[in-house]
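Q: I have a model open and want to go through its packing. Can you take me through it piece by piece?

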Amino acid sequence: IFGPSSWDDVEVLLSQSTDRAVASAGIRLTHELQAAACGAKLLSHLLKTELLDFNMSSTDFDFNSEPLRAKPTVAVLKKQGLSNVLKTATRHATKCLVRHA
């Protein structure tokens, strides 16, 4: 299964939305912004794919189940903690909005 192996990998995917566009400011910025969004989109796609087989709305869903822990993206995000993951995603989204709005 392909996915991020560490929190640093997730940070790299999220930070592309600002880092890549800044590096090429003035040179087809619109194209670079579209390309930069690919990191966040990839992370979203990986997470959706890994969670596809799980019914998380079920009352007996176990977040510590072996099949769920085997998913690399889920494992990295769980290890970091949901609160920290949401704070980081919000920080990167805000940075991108402020920089390119």
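A: Start with Thr-73: beyond its neighbours within four places in sequence, Thr-73 is in contact (heavy atoms within 4.5 Å) with Gly-3, Pro-4, Leu-43, Leu-46, Leu-47 and Glu-50. This is a predicted model, where local features need pLDDT of at least 70 and side-chain atom pairs count only at pLDDT 80 or more, while totals for chains, interfaces and linings use all residues. Residues are numbered from 1 along each chain as its sequence is written, and side-chain values use heavy atoms, with hydrogens and water left out.

Q: Is Thr-73 buried or exposed?

A: Thr-73 counts as buried because its relative accessibility is 1%. Buried means under 20% relative accessible area, exposed means over 50%, and partly exposed is in between, with a 1.4 Å probe and protein chains only.

Q: Which helix is Thr-73 in?

A: Thr-73 is found in helix H5. Helices are DSSP runs of H or I with at least four residues, strands are runs of E with at least two, and both are numbered from the N terminus.

Q: And what else is buried in H5?

A: The buried residues there are Pro-72, Thr-73, Val-74, Val-76 and Leu-77. Just after H5, Gly-81 has a positive phi of about 100°.

Q: How do H3 and H5 pack?

A: H3 and H5 (residues 72-80) have their axes 8 Å apart, at an angle of about 105°. The axes are lines fitted to C-alpha atoms, for helices over the stretch in contact, and angles run from 0 to 180 degrees between N-to-C directions. H3 is therefore roughly perpendicular to H5, a label for 65 to 115 degrees; under 35 is roughly parallel, over 145 roughly antiparallel, and the rest oblique.

Q: Which residues make that contact?

A: From H3 they are Leu-43, Leu-46, Leu-47, Glu-50 and Leu-51, and from H5 they are Pro-72, Thr-73, Val-74 and Leu-77.

Q: What about H3 by itself, how far does it reach?

A: H3 covers residues 38-51, which is 14 residues, and reaches 20 Å from its first C-alpha to its last. That is close to the 20 Å expected at 1.5 Å a residue, where the expected span is 1.5 Å times one less than the number of residues.

Q: Which H3 residues are buried?

A: Gly-39, Leu-43, Leu-46, Glu-50 and Leu-51 are the buried residues of H3. They lie on the same side of H3 because they cover an arc of only 120° around the axis, taken from the directions from the helix axis to the C-beta atoms.

Q: What is on the other side of H3?

A: Lys-41, His-45 and Lys-48 are exposed there.

Q: Switching to Val-10. Where does it sit, and what does it touch?

A: Val-10 is found in helix H1, residues 7-23. Not counting residues up to four places away in sequence, Val-10 touches Pro-4, Leu-43, Val-76 and Leu-77. At 1% relative accessibility, Val-10 counts as buried. Val-10 and Val-85 are 75 residues apart in sequence and 9.4 Å apart in space, C-alpha to C-alpha.

Q: And Ala-70, where is that?

A: Ala-70 lies in the loop between helix H4 (66-69) and H5. With a relative accessible area of 47%, Ala-70 is partly exposed.

Q: Now the overall picture. How many helices and strands?

A: The protein has six helices and zero strands. Of its 101 residues, 31% count as buried. Among contacts between residues at least 6 apart in sequence, 64% join residues at least 24 apart.
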